Amino acid sequence: MKTPETLAFECETGNYHTFCPISCVARLYQKIEDSFFLVVGTKTCGYFLQNALGVMIFAEPRYAMAESEEGDISAKLNDQEELEKICLQIKNDRNPSVIIWIGTCTTEIIKMDLEGIAPILEKRIRIPIVVARANGLDYAFTQGEDTVLAAMAHRCPEYTRYRTSEGRSDESEHFRITISSKNKSIFQKEQLTKSNLVLFGSLPSSVALQLNSESKRQSVPVSGWLPSQRYNELPSLGEGIYVCGINPFLSRTATTLMRRRKCQLIGAPFPIGPDGTRAWIEKICLIFNIKPEGLEERETQIWKNIKDYIQLIEGKSVFFMGDNLLEISIARFLIRCGMVVYEIGIPYMDRRYQAAELLFLQQTCEKMKMPSPRIVEKPDNYSQVQRMHELKPHLAITGMAHANPLEARNIDTKWSVEFTFAQIHGSSNARDILELVTRPLRRKGGFTPNPRSLSKQTLKN
Amino acid sequence: MKLAYWMYAGPAHIGTLRVASSFRNVHAIMHAPLGDDYFNVMRSMLERERDFTPVTASVVDRHVLARGSRDKVVNNISRKVEEQRPDSIVLTPTCTSSILQEDLQNFVDRASLDSESDVILADVNHYRVNELQASDKTLEQIVRHFLNKAREEGISNRSLTDTPSANIIGISTPGFHNQHDCRELKRLFGELGVSINQIIPEGELLRNLRDLPRAWFNVVPYREMGLMAASFLEKEYGMPYISRSPIGILNTADFIARIGKPVNLWASALLGKEVNYDLYIENQTKFVSQAAWFSKSIDCQNLAGKEAAVFGDATHAASITKILVKEMGIRVSCSGTYCKHDAERFNDQVRGLCDEVIITEDHTEIGNMIARIEPSAIFGTQMERHIGKRIDIPCGVISSPVHIQNFPSGYRPFLGYEGTNQISDLIYNSFNLGMEDHSLDVFGGHDTKGVNTKSLSIDRRDIDWAPEAELEPKKIPGFVRGKIKRNTEVFAKQNNISEITVDVMYAAKEKLSL
């Protein structure tokens, strides 16, 4: 797929504020119930985690620091022995099904061979050890999850279509032909109920279920998720498996799934907002040769349900400072809601992985007759603040470092990190996104949402 | 390597940033990877700061790993000088830069060649010092730098002020109740007729530092930050300093009495009279502070002999221990600090005041200790508050690590005479709330909770409770229930009894006179 030409991309200095990618442990340890995350780093990493995760730290979390000391840095101590001691302790205290080592800047710089040590210790302590290098030298915030999922992709069981060893290549050949042919044979239907669609991205289980049912409604059942709720429930991967990302920051995982596990990637916009969810499911249906049903009515219904919020933001302007890679999708949804987007800051832009989303953004701009926003990769926060003083947006979506100072300068702000923790995927959560976006505007007073939005009930169809 | 879940004091660079960003018009540039600028979030969140935190990162990424920072740091410094014209730039190393071992001093030298701002490299070793030590060190470094510079330029001013004056050293951002403490100190000095020469680092301009030696003496309210700077000033400029923290009635009285000394050193020559603060102390103790009366009142009588555990930084933990024991008659079963570097002094301070002293950075050790002692109240940090929540013991927060709740908008000093009132409230409320809850239990209010064993770590697997004995603890008021249960078990263990019956319980009670 080609990147749309008319969108303007820029790249600045990369002096911006974001969370360290090790923050991914917060979401992931809760998602993968039987895991334990060990961050191999320094006090700096630990201090960040304990402050960023706030009260979570008090709840006996299943993550910890392996804190490097001077002896580790100067290689006076043996890394393998040190890690073995710590992992045995974890095994005794918590008995997890998998230990995930998070490599940090320190392990990168002193070139600690985590990937080399892991298989040795794995054998000795008999717990799988997955290594993910989620460090601030290479990645920003949500990309941490990407590195973990990419590492996990290697641990998924091998997919064999009939679970027989002979004649496999022939069958997969046959299989591919069946898929690409236009006729919907009974044989193919059967294949699909066996299902070979795996979704990747970590979502709270309730949201994952919503997307499952969204997909099932079009008779494309989801066969598995990466990550799964438990480590030993990881989905099978291999030739003949179609994979689709549900978050915009999973490009490494996508690459790994394609190149190393020979899966086929479905490049679709991400299921954020009713428009995104519909485009996402349509693309999946297209790949599986299914004519989607009832999508338009469903989307219209959802737009109707969030009308009270849309009235609030229509015509208002928004500025994304950029720190979590969800920016393109949320901007696209907000443009569809009638907002003007001045700038989309984003830490890293994978134009191939996000191609469908970018195209969709451009189409949305055309449809809504909005100017297309400038997309600023590796933004410079100082310059952004200067630009904001000129543009005076109604709303800035930004990190906490800038939120209070901007508020003091009369620019309404929404804390960007909330988008990564709130439930924003699928049609039914469109309201939650707007709940977040409109909060600073509602605070100004005068707005009372209709009764249904006061309660936290989900939309029924 | 060590397994760690939680830490009381942060990494070294946090201390440096606290000092640098407390001074006015100073910008700190961290030599750090993306995401290490979390200090900005903390400051903006905790202190609800209206201004952008003057801290940026010179980002260390793959390119820097491959070829060194080269011009990057220098460019970032000169860019910041141009954009914001700070008086000084403090280049702050992090754990990353201390492994990279780049010659940051060289960058600083190069950058200061053609920069209008002073450029300083914070001299802290990430692997040897923590946040508190680093803040102490950085403050001393900055003071030394600017005083030496002033001396070289011949603009240093060492003439004493006409009237008695003091410098307050160690008020900083995001310190535990620092802003309120500072206001209270100012008031106190105002009433003593001592003017404030300078308050550092909070809000002071670096170019004014040359006037630091004009004060008659220095005050270091917290042991964690400012001692090094104060002793530098004593050595180089002969300025006496007072490091007693005026927390609690006794400490405050002692603090004021100590002020008399340096003031009277010059008072007769410069003011023509000597000062005597005795009457002031008496009046304040009797009429301004309610704490002295409070400790005589019936309310406080009820607290007598109750057990408490104290944990926090050296300053607060020691002071609170003293208040609990000497001013309120509360028994401190255990007092501790995470300031390992100040352990000796802490031991001196609390010697004879508590049954046990614990000095550790490991929160599980504290948790187990509290579970074992089962005090009626805990006075600790946010961590102890959560430990208390889990085992149902009230906790008053008396020390950092801080939380947004520890930045109240209302006036809540810990220092001085108003501070004594605040502390009385804090202590009384912690105990009182516990009592209220328990009196409900005594009268069978809500006995649906089941037996609360209140243990975090006690291993009891080898002792069984007979069914009728199991019911017995439920008749006991909740606040002693856990303790009686556990003591009974200890008794059973000692006497090789494997099953606890009602008889065993009463035998234990007689024996241990519960």
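How many salt bridges does the count between chain A and chain B give? The count is five salt bridges, a salt bridge being a side-chain nitrogen of Lys or Arg within 4 Å of a carboxyl oxygen of Asp or Glu. Before going further, note that this is a predicted model, in which local features need pLDDT of at least 70 and side-chain atom pairs count only at pLDDT 80 or more, while totals for chains, interfaces and linings use all residues. Residues are numbered from 1 along each chain as its sequence is written, chains are lettered from A and ligands numbered from 1 in the order in which they are written, and side-chain values use heavy atoms, with hydrogens and water left out.

**Stop 1: between the chains**

Colour chain A and chain B separately and look at where they meet: 67 residues from chain A and 53 residues from chain B take part in the contact, where contact means heavy atoms within 4.5 Å. The size of an interface is often given as the accessible area lost when the parts come together. Here the buried area is about 5100 Å², with 62% of it given by carbon and sulfur atoms; buried area is the accessible area (1.4 Å probe) that two parts lose on being put together, summed over both. Now select Asp51(B) and Arg409(A), whose side chains meet in a salt bridge at 2.5 Å, N to O.

**Stop 2**

Select Cys20(A), Cys45(A) and Cys105(A), which UniProt, in an unreviewed entry, places under the feature "binding site"; UniProt positions are given in the numbering used here, feature names are shortened, and annotations may be inferred rather than shown by experiment. These residues are spread over 86 residues of sequence, yet they cluster in space, with a largest C-alpha distance of 10.2 Å. Cys20(A), Cys45(A) and Cys105(A) also belong to the lining of the second largest cavity. On a 1 Å grid over the protein atoms alone, a cavity is a set of points where a 1.4 Å probe fits but cannot get out, and lining residues have an atom within 4 Å of a point.

Centre on Cys20(A), in the loop between strand S1 (8-11) and helix H1 (24-31) of chain A; helices (H or I, at least four residues) and strands (E, at least two) are DSSP runs, numbered from the N terminus. Cys20(A) counts as buried because its relative accessibility is 8%, the classes being buried under 20% relative accessible area, exposed over 50% and partly exposed in between (1.4 Å probe, protein chains only). Leaving aside neighbours within four places in sequence, Cys20(A) is in contact with Phe48(A), Phe141(A) and Gly35(B).

**Stop 3: two domains of chain B**

Colour chain B by domain: domain 1 (12-129), domain 2 (165-278), domain 3 (292-443) and domain 4 (464-513), with bounds that come from an automatic or database domain assignment. The centres of domain 2 and domain 3 of chain B, taken over C-alpha atoms, are separated by 27 Å, and their contact takes 26 residues from domain 2 and 34 residues from domain 3. About 2700 Å² is buried between these two domains of chain B. On the domain 2 side, Phe176(B), Arg223(B) and Ile247(B) lose the most area to domain 3, together 27% of what that side buries. The rule finds one salt bridge across this interface; select Arg223(B) and Asp342(B), which form a salt bridge with their closest N and O atoms 2.7 Å apart.

**Stop 4: charged pairs within chain B**

Side chains of opposite charge can pair when their charged atoms come close. Select Asp118(B) and Lys149(B), which meet in a salt bridge at 2.6 Å, N to O. Asp118(B) lies in strand S5 (residues 118-121) and Lys149(B) in helix H7 (residues 131-153) of chain B, so the pair ties together parts that are 31 residues apart in sequence. Asp118(B) is buried, with a relative accessible area of 16%, whereas Lys149(B) is partly exposed, with 26%.

For another pair, select Glu83(B) and Arg79(B), whose closest N and O atoms are 2.5 Å apart in a salt bridge. Both lie in helix H4 of chain B, four residues apart, about one turn of the helix.

How values were computed
On a 1 Å grid over the protein atoms alone, a cavity is a set of points where a 1.4 Å probe fits but cannot get out, and a pocket is an open set with protein on both sides within 12 Å along at least five of seven lines; lining residues have an atom within 4 Å of a point.
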